[in-house]
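Hello,

Here is the structure I promised to pass on. Have a look at it first, and my notes follow below.

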Amino acid sequence: LKYAFRVNSLQTLLNSNRVGKRLVNARVFDQSPNHVLINDYTFNQGIMPHKDGPLYYPRVAILSLNGSAVMDFRRSLSEKPNFSIFLEPRSLLVFEGEAYTTYFHGIDFRPSDVVSVCCPLFLFLTMRVGPKIDDDLYNRPSMDQVARTRRVSLTIRIVPSIITGL
């Protein structure tokens with residue numbers, strides 16, 4: 001056993017209500033997720049670019065409950081983002097494959113985000129097929145500045161090895 005997590009009451013959130021069942025029914029996961037991380041960010045907080053690593057099954061679902069933010073994906077910490085996704089309130093982002101294993105993901109620390117109305121779907125599709133996004137995308141005239149507010153999200157995953165009964 002290389003990695004292990006202890007089962008706690010947060011698993012009840014996934015098993016006792018419809019969140020886990022809906023993710024399985026939507027084929028986001030092939031089994032009920034057993035790990036949830038609740039994140040609560042103030043209006044100007046973010047999370048440093050990181051990779052989730054081998055501890056988890058290589059797919060993650062991020063359910064944004066309220067507030068919005070732009071999540072950046074980059075191959076290297078020294079590069080500008082290769083692509084970004086606008087996480088709207090009540091949205092679900094699922095990523096896997098290269099987006100999970102190769103790219104660092106994070107949310108910059110800032111009070112607002114500049115987004116394009118056309119970008120969320122385009123960037124999601126681009127993330128799935130892999131080409132690099134042209135920098136011109138960020139200079140289009142249809143940009144809006146979106147002020148951040150408190151953002152609460154659930155990061156939902158499968159941990160392959162857990163310890164029970166502790």
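Predicted model: local features only at pLDDT ≥ 70, side-chain atom pairs only at ≥ 80, totals over all residues.

Residues are numbered from 1 along each chain as its sequence is written, and side-chain values use heavy atoms, with hydrogens and water left out.

Aromatic rings

There are 4 aromatic pairs in the structure. Rings of Phe, Tyr and Trp (its six-membered ring) pair if their centres lie within 6.5 Å; planes under 30 degrees apart count as stacked, over 60 as edge-to-face and the rest as tilted. Phe73 and Phe95 are an edge-to-face pair, because their ring centres are 5.1 Å apart and their planes stand at 90°. This pair links distant parts of the chain, with Phe73 in strand 5 (residues 69-74) and Phe95 in strand 7 (residues 91-96), 22 residues apart. Strands here are DSSP runs (E, at least two residues), numbered from the N terminus. Phe95 also pairs with Tyr100: the centres are 6.4 Å apart and the planes at 40°, so this pair is tilted. Tyr100 is buried, as is Phe95. Ring pairs join Phe73, Phe83, Phe95, Tyr100 and Tyr103 into a cluster.

Two rings have a charge over them, meaning that NZ of Lys or CZ of Arg is within 6 Å of the ring centre and within 35 degrees of the ring normal. Lys51 has its charged end over the ring of Phe104, 4.7 Å from the centre. Arg157 does likewise with the ring of Tyr56, at 3.8 Å from the centre.

Salt bridges

The count comes to 7 salt bridges, each a side-chain nitrogen of Lys or Arg within 4 Å of a carboxyl oxygen of Asp or Glu. One of them joins Arg150 to Asp40, with the closest N and O atoms 2.8 Å apart. Arg150 lies in the loop between strand 10 (143-147) and strand 11 (151-157) and Asp40 in strand 2 (residues 35-41), so the bridge ties together parts 110 residues apart in sequence. Asp40 is partly exposed, at 44% relative accessibility.

Arg110 is partly exposed, with a relative accessible area of 24%, and Asp108 is partly exposed at 30%. Asp113, at 1%, is buried. Salt bridges with shared partners join Asp108, Arg110, Asp113 and Arg148 into one network.

Best wishes

How values were computed:
Helix = DSSP H or I, 4+ residues; strand = E, 2+ residues; numbered from the N terminus. Buried < 20%, exposed > 50% of the residue type's maximum accessible area, 1.4 Å probe, protein only.
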